[in-house]
Amino acid sequence: MSDTVDKVSDTLVLYDIPGKPGSRSWSPNVWKTRLILNYKAIPYRTEWISFPDIEATFKAIGIKPSTTKESEDTHYTCPSIIDYTVTPEEKVTDSNVIALYLDKKYGSNEKYGPSLFPEDNAEAQFAFIAQFKAILQPLVALMLGCIPAMIEDPRGVSYYHEKRGKKYGPLSEFVPAGSAERQRAWKGLQEGLDTLAAAYDKNKEGGGEYAFGKAVTYVDIVVAATFLSTRYVPVDRDGPDVKCVWDGFKSWNGGRWEKFMEKFEDHLQVHHNVIIYNTLTDKFEKPSTLDVSFVDFDGVRFRLSTGERKTLLTLSMNIRCWGELVKYGAMDVLKKEYGSYLAASTEAGYHVSLEYDTEKVPKEPEAREALIKSAALLRRHALAGPFVKAFATQKELDSVPAPTDGSAAPIGELMQVHYRDEEAIYVQASHDRVTVIFSTRFIEDTDRIFGKVFLQEFVDARRLPTIQTAPQVLYSNREPPLEIRQVPGLATGDDVGYVTFILFPRHFANPNIAHNTISHIQLFRDNLHYHIKCSKVYMHTRMRARVAEFLKVLNRAKAEGSGEITRKTVT
């Protein structure tokens, strides 16, 4: 975290404890607040703060302790928030108190959705949460000793060992692998989840999917946040197939917990453009003159502007591979998705434009939200063209009888999308699969090393029994895969890598699954390079911390002066 806290106007700040790259936010308590912010699409930014710095920092900026009980390890905890959108700013701590504050300020209304505490049922929900915490105490036993491996900085690790060790003893020996305690913890977790499932089933109105009513409430947020922490904290005490506690129980109770988490997936990874989403949300409610240009992933340029009428909004996009996308069916996808909102004439310098009359947009909150989210996915829908065509082609080829003369089965067109300089996506359908190949270039030597480690992990992880249904992943560097070797001008060399995904029909079996598959696979390259950069930052941080510790040791090793030196002569 920075040494000073910058007051950013019109911003809500969330304080979180940093985990290692790839699972930076890991605390279940902080996830309760983060999920509310994501679920309601409330703009915010995150300030990362190490365990040993929480108390001093919060005292300095005026955040009050979340408890005054002397028995607690610390009085100051995350999550805490500072809401700079109000004057004077509001400083709130404790996940439950924050939930009540956010719901009072942002729900229920058209912009931020329904209340998480409908019919003022906060007392009933908090009673449910207390029971939930009690029945899932085995999670503490299964995860506590492994949490230090998740914490980013060495100071935070030492602090956690010191504080928790006073209560539980050495964490390395807490509920160890193969112990009877650990077996009892897993059994207790199963019993607890059975009880939780029965409690959800009592809500007939929600069909067993929600704790109260037929929509997400704060209880569902708390359950989801707890499950998320079981995903992100690695464990090494339950065999090679259980890399996190989530792996061990996600399929229990007929797989209902995986299904339960699906409703929150869109709030964990953002596929839409946040600038478009936030701007349209604001301007649909309060129209005003606008002209803003910005850039998304892969150099895609956008412009949001108003013409002579401030109620007529135009969203235009420029994407370098537009010609290829049109060839592979992008316009069909856009016409189906946007209909009359697709502008008849495109703004100069851009490839496609959408027009929205704020006086004619839907008034119903759900319909308006869907319209805004659709506009914010313009880039995603344009890039979806080749995938939609490939999925359709696979179904056609699958319906054709296999050749009986020994000839090869027919395959679909090899579609090439050069969406970045010197990088491309290749998509091809066959009778039983769709093959997607990414070419990517590593500019720096260190990027290539990190990239190879990450990509090899993709290949190795696929062999685990717990994720056998995931797409098959293959990685090769220097030489392109066999499927595209006939393509002229392919780059080869140490700085080039090729990642192949094999999508089987189960990965696009229905429209919802196909939609999620397309959304996730499009961002593969961006996520890969993002995690490479995060890993480099983590390594540099660790090296700087280690050097700082060495300097302290050297400074302590300096010989101290003993006063004036007495000189004596030999007589």
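Which helices do the buried residues of helix 4 pack against? I looked this up first, and found that they pack against helix 3 (95-106), helix 7 (180-201) and helix 8 (218-232), where contact means heavy atoms within 4.5 Å.

Notes on the source: I am working from a predicted model, in which local features need pLDDT of at least 70 and side-chain atom pairs count only at pLDDT 80 or more, while totals for chains, interfaces and linings use all residues. Residues are numbered from 1 along each chain as its sequence is written, and side-chain values use heavy atoms, with hydrogens and water left out.

Entry on helix 4. I took helices (H or I, at least four residues) and strands (E, at least two) as DSSP runs, numbered from the N terminus. The end C-alpha atoms of helix 4 (residues 122-135) are 20 Å apart, which agrees with the 20 Å that its 14 residues should span at 1.5 Å a residue; the expected span is 1.5 Å times one less than the number of residues. I then listed the buried residues of helix 4, which are Ala 122, Gln 125, Phe 128, Ile 129 and Phe 132. Seen down the axis of helix 4, these buried residues fall within an arc of 120°, so they line one face of the helix; the arc is that of the directions from the helix axis to the C-beta atoms. On the other side of helix 4 I noted Glu 123, Gln 131 and Ala 134 as exposed. Buried means under 20% relative accessible area, exposed over 50%, and partly exposed in between (1.4 Å probe, protein chains only).

Entry on aromatic rings. I found that the structure holds 26 aromatic pairs, where rings of Phe, Tyr and Trp (its six-membered ring) pair if their centres lie within 6.5 Å, with planes under 30 degrees apart counted as stacked, over 60 as edge-to-face and the rest as tilted. One of them is the tilted pair of Phe 51 and Tyr 160, at 5.5 Å centre to centre and 45° between the planes. That pair links distant parts of the chain, 109 residues apart, with Phe 51 in the loop between strand 2 (44-48) and helix 2 (54-61) and Tyr 160 in helix 6 (residues 154-168). Both Phe 51 and Tyr 160 are buried.

I also noted that ring pairs link a cluster whose members include Phe 128, Trp 186, Phe 227 and Trp 246.
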